[in-house]
Amino acid sequence: MGRICLVGAGFSGAVIARELAEAGLPCLVIDERAHVAGNCHTERDPQTGVMVHRYGPHIFHTADERVWAYVNRFGEFMPYVNRVKTTVGGSVYLLPVNLHTINQFYGKTFSPAEAKAFIESQARMDIEDPQSFEEQALRFVGPDLYNAFFRGYTLKQWGIDPTELPASILKRLPLRFNYDDNYFNHPHQGMPKHGYTAIVEKILDHPLIETRLGTKWEEQDEAFDHVFYSGPLDRWFGYDMGRLGYRTLDFEGERAMGDYQGCAVMNYGDPEVPFTRISEHKHFSPWEEHEGTIVFREYSRYCGADDVPYYPIRLLGEKKMLSDYEARAAEVEGVTFVGRLGTYQYLDMDVTIGLALDAASDYLAQRKAA
C-alpha cells in the first residue's frame, strides 16, 4: 500500500492527514515553507515575548459544532471577542457599523428604530438589484457612511475601484441597530492559548504521518496512492492559462514599550493613509502580560509571482480562467484539490477545517467502496 501525499501543511493538509492516519493510512505531508500552519502560523517574538500572527491576525469563530469540537481536541482555546475600531476623518469609530457608530458619526442620539428609519432615508432605495460593491453599499447604508467607512478602505484593500468589485464582497458585512460591537455573531469564538502552530503540530503528531518542511511538490519522485493538493490551483498546471489574481500583504513592524494603540486592530479608512490597519498582537492574548509590545502596519497590493497569495480577487477575468482550470482539475486522476489556494476561494478557518473533514470522509468512503 502506497502513501497519501498532502501538499501543504496548513489546516487543510493537516486535518486530512490526521483523519486518514487515524483510519490506518500512512501519509506524507510536505510544505515548501520552514513551518507548519500556513498563513495561520504563530510564533513568539523573541524581543517582547508576544505571540505574533506572522501572516496577519486570525481569530477563530464558528457555528459548526463539529469543527469546534475538533479544534478543541488539539489545543485549549481562550475566550476572545473581536472588537475592531477604525480611524476616519480624525475620529475613532466602532466597527461593524452599529448604533454607536451611527449616533457618533451623525451627532445624534437615535434609538434603534429611529436609526433604522434614518439609514433607510439615506439609502439608495432606487438601486433594486445591486451589482457592484459600490451599489450594494449605497443601497445598504447610503453615501455618507459608504464614503467614510467603506470606499477608502476597500480601494486600498483591493486596489480596484469599488464600482468594479462584485456586490457579494459587501453582503457578508453586518449593519446593526444596537450597540453590539462584536465583529462576529458566531456562538464559538476564541484564540488558541499557545497559538495556531501548536495546534497544527499536534494534529500532525501521529505515527503514520511524516512531515517534511522546506520541500516542494515538484521535487517529489515517490509514487502515491492519492494526492491532496492545497497549493495554488494554477501552479499545478504550470500557469499555462495565466495566473489567477490575488492580493498580497506587506507588514511593517514596530516594537515599543507599554500599550501602543489600546486595541488589537485599528482600521484606517481614509484613502490618503497608505496602510489599511495596524494590529497590536499582544491584545490577541489578553490573558498574557507583556511590558513590551509589537505592532504591524498592513499594506495591501497585487500579488506578484514571488509573493504570498492572500485574497483571491475573482473578477470576471479570473472567473473565466478559474472555470477552465477547474474543468481540467476535475479530469486529473488521483488528485483532490483542497483549501483556499487549491479551490481559489476565500475560506475562514472553520470552513477550511469542515471541508477538510468532508474531503477525508469522502476519500475513505470511496476507498471502501472500491
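1. Basis. Residues are numbered from 1 along each chain as its sequence is written, and side-chain values use heavy atoms, with hydrogens and water left out. The model is predicted: local features need pLDDT of at least 70 and side-chain atom pairs count only at pLDDT 80 or more, while totals for chains, interfaces and linings use all residues.

2. Helix packing. Helix α1 (residues 11–22) packs on helix α8 (residues 196–203) at about 30 degrees, with the axes 9 Å apart; helices are DSSP runs of H or I with at least four residues, and strands runs of E with at least two, numbered from the N terminus. Axes are lines fitted to C-alpha atoms, for helices over the stretch in contact, and angles run from 0 to 180 degrees between N-to-C directions. The two helices α1 and α8 are therefore roughly parallel (angles under 35 degrees).

3. Helix contact. F11, A14, V15 and R18 of α1 meet Y196, I199, V200, K202 and I203 of α8 (contact: heavy atoms within 4.5 Å).

4. Glutamine 157. Q157 lies in helix α6 (residues 143–158). Q157 is buried, at a relative accessible area of 10% (buried: under 20%, with a 1.4 Å probe and protein chains only). Not counting residues up to four places away in sequence, Q157 touches R247, T276, S300 and Y311.

5. Strand β14. From β14 (residues 277–280), R277 and S279 point one way and I278 and E280 the other, and all are buried. Strand β13 (residues 265–268) is joined antiparallel to β14 by three bridges, and N267 stands opposite R277. Four bridges join β14 to strand β15 (residues 292–302), also antiparallel, where E280 stands opposite V295.

Notes. Parallel < 35°, antiparallel > 145°, perpendicular 65-115°, else oblique. Buried < 20%, exposed > 50% of the residue type's maximum accessible area, 1.4 Å probe, protein only. Pairing = 2+ DSSP bridges.
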